[in-house]
Amino acid sequence: MGSNLLSLIDTHAHLCAPEFTHDLSAVLSRAQAAGVAAVIAVGETLADADRNIELSGQHPMIRPAAGLYPTVLEPDQAEDLHRFIRRNRPVLAAIGEVGLDFWMVKSEKDRELQQEIFNGFIALALEMDLPLNVHSRSAGRPAIDLLLKSGAIRVQLHAFDGRASTALPAVEAGYFFSIPPSVVRSRQKQKLVKQLPLTCLLVETDSPVLGPEPAVRNEPANLALAVQAIAEIKSLPIQAVAEALAANTARLYARLHGRAL
Ligand SMILES: [Zn+2]
């Protein structure tokens, strides 16, 4: 189905991960052959952000992002990333991944700090007019509450693990939800796709994780599996779904400073 597919964007992948050090060119060739036009390369640290920009210079498919993983509760590192994002604003596609993780972070005090750091990135995204690529594990409702309260505008909730009813205020605010290939094995993701409108959906791979098989390295070429699953769940032709997803992605990411997605 590759040649038939519209050019789609993998809106969240970790291409700077060590899993891709040895064969990134081959991984990207396979993605291209499967209809993937570009990959938004998210980061978890300052080193990742640097690496993503370096990779985007070597591979035109890569759109770099910079963020601090939500379990890193270090205000100094957040500040370093703020400076990095301001300095590199013209080449960045998004701020991410950032957000909340209440699965890993349990204590009230730590969660408060986590929310403070996330709030800082939300404010920066507004100021820089960049999309936020948001992680919200076991924290769907607090993440959405904080985004709405802070007036965030351009938002992608990646691999959202909550219920559709929790997601609805975010849908109403015009936020997007990206669906990974693990939708083929996740009841929760299937329900989310069924219950959310197609107009708020994007696709991602979260490579190297969240693939169709849990223990196997995921890669951007698997994006097509998420598109196919959405088409099946929504009982729509795959081409119509691909067109809608491309339009949604353009709505969130179009303003890439003249760089066509
Ligand atoms: Zn991720």
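Which residues in H5 are buried? Select Gly140, Ala143, Ile144 and Leu147, which are the buried ones. A residue is buried if 20 or more other C-beta atoms lie within 10 Å of its own, exposed if 12 or fewer, and partly exposed in between, with C-beta atoms placed from the backbone.

Before going on, note that this is a predicted model, in which local features need pLDDT of at least 70, side-chain atom pairs count only at pLDDT 80 or more, and totals for chains, interfaces and linings use all residues. Residues are numbered from 1 along each chain as its sequence is written. Helices (H or I, at least four residues) and strands (E, at least two) are DSSP runs, numbered from the N terminus.

**Helix H5**

Stay on H5 and look at the buried residues Gly140, Ala143, Ile144 and Leu147. They are on the same side of H5, because they cover an arc of only 95 degrees around the axis. The arc is that of the directions from the helix axis to the C-beta atoms. Now show E4, H4, E5, strand E6 (155-158) and helix H6 (164-172), which are included in what covers these buried residues.

**Helix H4**

Next, select residues 108-128, which form helix H4. Its buried residues are Gln114, Ile117, Phe118, Phe121, Ile122 and Ala125. They cover an arc of only 145 degrees around the axis, which puts them on the same side of H4. Turn to the other side of H4 to find Glu108, Lys109, Glu112, Glu116 and Glu127, which are exposed. Aspartate 129 follows H4 and has a positive phi, near 55 degrees.

**Two loops**

Select serine 138, in the loop between E5 and H5. Its phi is near 55 degrees, a positive value in a residue other than glycine. Serine 138 counts as partly exposed because it has 16 C-beta neighbours inside 10 Å. Move to alanine 159, in the loop between E6 and H6. Here too phi is positive, near 45 degrees. Alanine 159 has 22 C-beta neighbours inside 10 Å, so it counts as buried.

**Two cis peptide bonds**

Select glycine 96 and glutamate 97: the peptide bond from one to the other is cis, with omega near 5 degrees. Glutamate 97 lies in strand E4. Finish at serine 207 and proline 208, where the peptide bond is cis with omega near 10 degrees. Proline 208 sits in the loop between strand E8 (201-203) and H8.

Methods. Expected span 1.5 Å × (residues − 1). Contact = placed C-beta atoms within 7 Å.
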